[in-house]
Amino acid sequence: RKLWTADQDSRPLSATGQQQAARLAEELCFEPFEAIYSSPALRCHQTAAPVAARFGLPAISLEELRETDGYMLPDGWQDSRAAAPVAR
């Protein structure tokens, strides 16, 4: 992210991100989906694409899902468990 000099919405998934998106589609295949929504960002559409393809659905772009505030966590998350690093 920090090395990308163009508009962040044009930043594509890395090879690892593409593999993760394919794996996500495999994991989600057991859940019912009626719609797939994505941020307008290219990498988000690339993440949603394998899931959308698996279910024969379009990935619907919603402006409301665009990242804002310099990629900061939403208000209220700073002190929550959701913001804590995951132990490995």
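How many residues apart in helix H1 are Arg23 and Glu27, and about how many helical turns separate them? They sit 4 residues apart, so about one helical turn lies between them.

## About the model

This is a predicted model, so local features need pLDDT of at least 70 and side-chain atom pairs count only at pLDDT 80 or more, while totals for chains, interfaces and linings use all residues. Residues are numbered from 1 along each chain as its sequence is written, and side-chain values use heavy atoms, with hydrogens and water left out. Helices (H or I, at least four residues) and strands (E, at least two) are DSSP runs, numbered from the N terminus.

The structure holds 2 salt bridges, each a side-chain nitrogen of Lys or Arg within 4 Å of a carboxyl oxygen of Asp or Glu. One pairs Arg23 with Glu27 at 2.5 Å, N to O. Through shared partners, salt bridges tie Arg23, Glu26 and Glu27 into one network. The other bridge links Glu26 and Arg23 at 3.2 Å, N to O, and those two are 3 residues apart in H1, again about one turn of the helix. An α-helix has 3.6 residues a turn, so residues three or four places apart point the same way.

How exposed is this trio? On the scale used here, buried means under 20% relative accessible area, exposed over 50%, and partly exposed in between (1.4 Å probe, protein chains only). Arg23 counts as partly exposed because its relative accessibility is 46%. Glu27 is partly exposed at 43%, and Glu26 is partly exposed at 39%.

## Helix H2

H2 covers residues 42-55. Just after the helix, Gly56 takes a positive phi of about 65°.

Arg43, Ala48, Val51 and Ala52 are the buried residues of H2. Their cover includes helix H1 (15-28), strand E1 (36-38) and strand E2 (59-61). Ala53, also in H2, is exposed at 61% relative accessibility.

## The nonpolar core

The largest nonpolar core has 5 residues: Ala25, Ile36, Ala48, Val51 and Ala52. H2 supplies the largest share of this core, 3 residues. A core here is a set of buried Ala, Val, Leu, Ile, Met, Phe, Trp, Tyr and Cys residues joined through side-chain atoms within 4.5 Å.

Ile36 is in contact (heavy atoms within 4.5 Å) with Ala48, Val51, Ala52, Leu57, Pro58, Ala59 and Ile60, leaving aside neighbours within four places in sequence.

## Ser39 in the loop

Between E1 and H2 there is a loop that holds Ser39. Ser39 is buried, given its relative accessible area of 7%. The Ser39 side chain reaches the backbone nitrogen of Ala41 at 3.1 Å. Not counting residues up to four places away in sequence, Ser39 touches Cys44, His45, Ser61, Leu62, Leu65 and Arg66.

Definitions and conventions
Expected span 1.5 Å × (residues − 1). Polar contact = N/O pair within 3.5 Å; in protein donor to acceptor, adjacent residues only side chain to side chain.
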